[in-house]
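Thanks for making the time this morning. I would like to take you through one model slowly, with the cut-offs stated as we go.

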Amino acid sequence: MAPLAAAVMSVGALMSVYAQDNTTRKITPVENDDHKPQQPILHYFDKHGEPLKEPVLFLSELDTVKKVKSGPVYPLMNSVSVGVNFFDAIMMAAGQKHAGFDLWADLSLHNWFFPVVEAGVGFADNKPEEGKFHYKGKPSFYAKLGLNYNFLYKSNPDYQVFLGLRAGFSRFSYDITDITVDSPYWGQSNNFSIMGQSATAFYGEVLAGIKVKLVRHLSMGWNVRVHFKMHTSSPLNSTPWYIPGYGTNGLLGASFSLIYTIPLSHKQPAGESDLAN
């Protein structure tokens, strides 16, 4: 029995020591932090699965690129702008014989789309050197409706690059005097006049332009226009040389405007509060 008792005592002593060791040992929890930066990883193979001569450390960071927000970033009713077009005033100083002066206004929708209305008065007074007539267009009203598309709709509203469309209308009157018709056969000339002519015109325009800020709410705008006639009701005895708002028979036109903008919303797009500064 003596050997058996000794063995039991040895097992008891071992269990006592193991219990004391467990009571004094500190348990270290496993760290599981999702926000902890990733540690470098040793790579032994390249992207083709071929073994590398030496292991390469590679640090893979979390993708922090934010998804670009699609669609508009400015409020629906962002601003209203009023402009005065004085391009023809400059051209008259350079010798042009016709002019149109107009006011226009647009509404900024998300700084993206801009419905536009234009209204003005046009007139002409021209006596071509070789035309042998004197054309006088009486001051007549014209109006245009259209829409601009701003390519910089996510940028600072003080600056624009845009394309636009216009539909124009004018009802106007004119006189043609001092008409000279030469007769080579008889060797003489006849003079006569056509008075009190009136006509109605519908026309369209495609334009491209820019807008830049000068100071505070004051800006300057330029655009170049390609216009085309849709319908003109000309009198039987004559053809109008000038159409208010459209111009003469040339294909191109332009405008140069001083613009005042009235903000309708002071809300700034997320992450772009410094654009208006």
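I will talk about a pocket, then salt bridges, then strand pairing.

Please keep in mind that this is a predicted model, in which local features need pLDDT of at least 70 and side-chain atom pairs count only at pLDDT 80 or more, while totals for chains, interfaces and linings use all residues. Residues are numbered from 1 along each chain as its sequence is written, and side-chain values use heavy atoms, with hydrogens and water left out.

Let me begin with the second largest pocket, which has a volume of about 350 Å³. A pocket here is an open set of points on a 1 Å grid over the protein atoms alone, where a 1.4 Å probe fits, with protein on both sides within 12 Å along at least five of seven lines, and lining residues have an atom within 4 Å of a point. Grid points are joined across faces, edges and corners, and the volume is the space filled by probe spheres set on the points. The lining has 24 residues, of which Asp 88, Tyr 246, Gly 247, Gly 253 and Ala 254 are the closest to the centre of the pocket. Two or more lining residues come from each of helix 2 (87-93), strand 4 (98-109), strand 6 (134-150), strand 9 (218-233) and strand 10 (252-263), where helices (H or I, at least four residues) and strands (E, at least two) are DSSP runs numbered from the N terminus. Strand 10 gives the most, with 4 residues. By class, the lining divides into 7 nonpolar, 11 polar and 6 charged residues, with Ala, Val, Leu, Ile, Met, Phe, Trp, Tyr, Cys and Pro counted as nonpolar, Asp, Glu, Lys and Arg as charged, and the others, Gly among them, as polar.

Turning to charge pairs, the structure holds 6 salt bridges, each being a side-chain nitrogen of Lys or Arg within 4 Å of a carboxyl oxygen of Asp or Glu. One of them joins Arg 225 to Glu 118, at 3.1 Å from N to O, and this pair links strand 9 to strand 5 (residues 113-126), with its residues 107 apart in the chain. Are these two residues buried or exposed? Arg 225 counts as buried because its relative accessibility is 6%, and Glu 118 is likewise buried, at 3%; the cut-offs are under 20% relative accessible area for buried, over 50% for exposed and partly exposed in between, with a 1.4 Å probe and protein chains only.

Another salt bridge pairs Glu 205 with Lys 144, whose closest N and O atoms are 3.0 Å apart. Glu 205 lies in strand 8 (residues 188-215) and Lys 144 in strand 6, so this contact ties together parts that are 61 residues apart in sequence. Glu 205 is buried at 3% relative accessibility, and Lys 144 is buried at 5%.

Lys 213 and Asp 158 also meet in a salt bridge, at 3.6 Å from N to O. Here Lys 213 is partly exposed, at 27%, whereas Asp 158 is buried, at 18%. Salt bridges that share partners join Glu 118, Lys 144, Arg 166, Glu 205 and Arg 225 into one network.

Finally, strand 10 returns in the pairing: 7 bridges join it to strand 3, and the two run antiparallel, while 9 bridges join it, again antiparallel, to strand 9. Strands count as paired if DSSP finds at least two bridges between them. Within these pairings, Ser 79 has Pro 263 as its bridge partner in strand 10, and Leu 218 has Tyr 260.
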